[in-house]
Amino acid sequence: MPVLRVRSLRVAPPGGEEGIRTPSPYKFKTDREILFRYIAENIRLPSTFEQLRTTAAGDCLRHLVDHLVLNCDHPAIVNALLALKWHYGAITEDKGLNDARASGCEIAAWRLLTHLSEREAVDYCLYEIPDPALEANRQSDEEETSQVNEHSPLLARAWTESVANPRRKHEFPNPTSDNRRNLLLQSLTRLTMSMTGEVDDDGEEEDDPTAPFINLNALEIAAIADAKRFLSQNVVQKIITGIWNGDIIFWDNLSVHTEKKPRFYNPRTADPFSRLRVPKYLKSFEVVFFASFLFLYYAVLVERNPTRITPLETFLYLWLAAFSYDELSEWIDAGSIFYAADIWNIFDMAIMAIGFTFMVLRIIGLKTQNAELIDLAFDVLALEALLMVPRVCSILSLSPYWGTLIPCLKEMAKDFIKFMVLVVIIYLGFLTTFSLVGRDSFPLRDMTWFLTKIFFGSTFVGFDIMRQIDPVFGPPLMILFVMLSSILLMGSLTGMLSNSFSRVITHAREEYLFVYSIYVLEASTSNRLTHFYPPFNLLALVIFRPLRLFLPSDDKFRRARIILLKATHLPIVFIIAMYEWIRGTSLRGATYSAVKAPPHGAPIASPAMMRKLAGPRREMRGRRSVTSLQSDQAAQSRLGMSSMERRISAHHARQAEEAQEDSTYAERATDVEVRIADLAAKIDRLTELVISMQSQQSTTLGDVSLS
């Protein structure tokens with residue numbers, strides 16, 4: 001096995017925890033280069049995900065995870081593995097080998113999380129790659145007031161070089177904008193060149209290829225890298241469920257100087273208005289908003305006033321404007337990658353297009369007094385029901401049963417569209433032939449409609465008109481067309497869709513959890529402090545957007561937005577508080593599968609505290625194997641146990657050491673963990689009893705055979 005060189009950054013200046021700095025963003029790039037070389041050197045043959053997970057082909061991944069667990073405590077290591085997963089998945093040449101390497105990175109990432117505690121897993125998954133420019137400014141401020149140690153010149157020089165590079169700031173202006181995918185594709189070549197040590201023509205190194213991942217956490221990188229198996233793991237889903245339920249929040253209060261940081265929710269200290277950012281409540285209010293939207297839609301269609309705009313129609317326009325502005329804000333915050341991953345967002349875009357088309361036709365028709373144009377406007381508005389009714393019921397997609405069907409339908413629709421290309425080609429060929437042969441009997445419009453009926457099953461129509469088309473060529477051509485359309489093409493289409501459904505349904509859970517995870521991430525990781533629910537967002541748009549044209553966006557401006565948010569959303573916050581109080585009273589003592597907050601709602605452990613506690617913990621993990629080996633050897637020499645009994649003894653010894661370690665460093669176990677531990681102990685005792693009975697039986701049989 002090649003020697004790994006992944007080292008953790010340990011800085012322990014005088015002054016205790018306050019003197020420990022935030023991990024350098026350049027460590028992310030260094031770890032990525034070392035991991036790139038290790039994966040490339042050890043995975044050299046194409047392998048499937050299951051082969052890397054279960055066979056000897058994945059031994060190098062187990063060695064890698066063991067090394068990272070013992071020697072690396074940098075929170076960006078999961079980010080680096082998932083970024084490499086994207087890198088290998090984006091390479092087009094030698095697809096089989098690079099897919100195997102991408103799967104290896106994904107396996108190593110989630111196996112590393114299984115070796116961490118819940119709080120460590122939360123800290124690793126929600127760690128955002130810091131911006132080197134911001135870190136350089138913060139570091140320069142700290143250097144003025146803190147003592148310089150032996151690490152300071154190196155880090156300061158690296159950060160200064162990053163700030164002094166103007167190309168980097170110009171090339172990657174906004175990591176969360178819709179050009180994320182283009183930036184990632186542009187960085188692919190630079191990443192490969194940086195791994196091989198190549199430089200440009202001027203002798204200067206290429207820009208940092210990891211820049212598009214700045215300000216992204218591991219879960220967002222996994223979504224970009226299409227790491228569906230990583231996101232479907234239980235340890236990751238517990239974190240996502242905690243974000244969905246509001247147990248893990250990014251904003252704990254609404255104040256001018258509040259910073260976005262993942263932390264556990266503490267109802268005694270958190271601002272009640274911070275619950276407005278919980279994805280579960282966002283989705284609930286979205287359903288209520290769409291229900292009112294649908295009510296106004298039906299009211300306008302039933303009223304159908306051809307002479308003037310009624311109050312109900314005015315409210316419909318306001319709801320449409322608020323909905324469109326909210327979708328635009330979501331698209332800007334999440335970026336096109338996350339936004340397009342949710343299939344319901346496609347419905348939203350179509351709803352906006354139809355709604356604005358209706359508005360334009362309606363206003364033009366009223367201005368010109370054109371009755372036909374007004375009727376056309378209402379006909380266009382009637383098309384909205386095809387999208388709005390399923391959109392109101394989109395809440396069902398969050399359930400596992402209905403959510404697993406959506407990826408299947410999505411993939412079947414893709415295959416259907418591809419197959420229809422062949423159908424259209426064959427259809428156009430027969431349409432041209434029949435139109436020319438029967439030009440004296442049927443015009444092109446009628447012939448087109450006849451062939452469409454035949455294709456969709458009305459074969460008797462073809463047999464009725466085949467001699468009218470042409471007595472000689474009509475019958476054989478029509479029989480051939482009926483056989484192709486009704487038997488061959490339709491049969492092939494049915495079989496292909498059946499195979500597509502069978503292929504996708506085996507991974508439907510991963511697809512469902514992937515879409516669910518993306519929705520939670522795009523609803524919770526926004527950098528906006530104040531998020532107005534529609535239609536209240538129109539107030540912020542009308543009041544504050546014009547002021548930004550001639551007033552600076554200072555703290556007073558931000559404080560005014562907070563005041564408006566609290567004034568307009570107070571009833572919603574009261575409903576949320578009553579719901580949580582009732583839910584907390586009725587479900588007191590129940591257990592949950594999501595990550596739960598510590599007893600006092602402390603924030604997630606900082607990287608400084610992680611490094612402070614990681615040293616002894618890693619040393620204890622390293623001593624575990626040596627201690628287990630010594631215990632096994634001593635027990636074997638003294639008691640002369642059988643091989644099965646020695647394994648049981650070593651298993652108990654390791655359990656005792658793990659229990660001692662957990663009692664020192666781990667958190668207080670939940671009720672579920674206690675039950676699992678009791679069940680594991682009972683299984684161990686039962687296994688030991690069965691083994692002892694088997695050994696006694698084998699001893700008795702041996703005595704009988706000797707006698």
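Trainee: Does K283 count as buried or exposed?
Mentor: K283 counts as buried, at 4% relative accessibility. Buried means under 20% relative accessible area, exposed means over 50%, and partly exposed is in between, with a 1.4 Å probe and protein chains only. Keep in mind that this is a predicted model, where local features need pLDDT of at least 70, side-chain atom pairs count only at pLDDT 80 or more, and totals for chains, interfaces and linings use all residues. Residues are numbered from 1 along each chain as its sequence is written, and side-chain values use heavy atoms, with hydrogens and water left out.

Trainee: Which helix is K283 in?
Mentor: K283 is in α14, residues 279-303. Helices (H or I, at least four residues) and strands (E, at least two) are DSSP runs, numbered from the N terminus.

Trainee: And what is K283 in contact with?
Mentor: Setting aside neighbours within four places in sequence, K283 contacts W244, R391, S394, I395, L398 and Y519. Contact means heavy atoms within 4.5 Å. Y519 is 236 residues away from K283 in sequence, yet their C-alpha atoms are 9.7 Å apart.

Trainee: Which side chain makes a polar contact with that of K283?
Mentor: That of E286, at 3.1 Å. A polar contact is a pair of N or O atoms within 3.5 Å; within protein, one must be able to donate a hydrogen and the other to accept it, and residues adjacent in sequence count only if both atoms are side-chain atoms.

Trainee: Switching to T568, where is it?
Mentor: T568 is in helix α25, residues 555-586. T568 is buried, with a relative accessible area of 14%.

Trainee: Which backbone oxygens does the T568 side chain reach?
Mentor: The backbone oxygen of L564 is at 2.8 Å from the T568 side chain, and that of L565 lies 3.3 Å from a polar atom of it. Beyond four places in sequence, T568 is in contact with F532, F536 and L539.

Trainee: What does UniProt list as "transmembrane region"?
Mentor: The unreviewed UniProt entry lists several spans, including 284-302, 419-437, 478-497 and 563-582. Such annotations may be inferred rather than shown by experiment; the positions use the numbering here and feature names are shortened. In the model, residues 419-437 are 100% helix and 0% strand, with end C-alpha atoms 28 Å apart. Residues 478-497 are also 100% helix and 0% strand, and their end C-alpha atoms lie 27 Å apart.

Trainee: How many helices and strands does the chain have?
Mentor: There are 28 helices and 2 strands. Of the 707 residues, 45% are buried.

Trainee: Which residues have the most contacts inside the largest nonpolar core?
Mentor: V78, L82, L113, L219 and F230, in a core of 88 residues. A nonpolar core is a set of buried Ala, Val, Leu, Ile, Met, Phe, Trp, Tyr and Cys residues joined through side-chain atoms within 4.5 Å. A second, separate core has 28 residues, among them F289, V300, L361 and L373.

Trainee: Last one: how many disulfides are found?
Mentor: The search of the whole structure finds 0 disulfides, a disulfide being a pair of cysteine sulfur atoms within 2.5 Å. As for individual cysteines, C72 is buried at 2% relative accessible area, while C393 is partly exposed at 41%.
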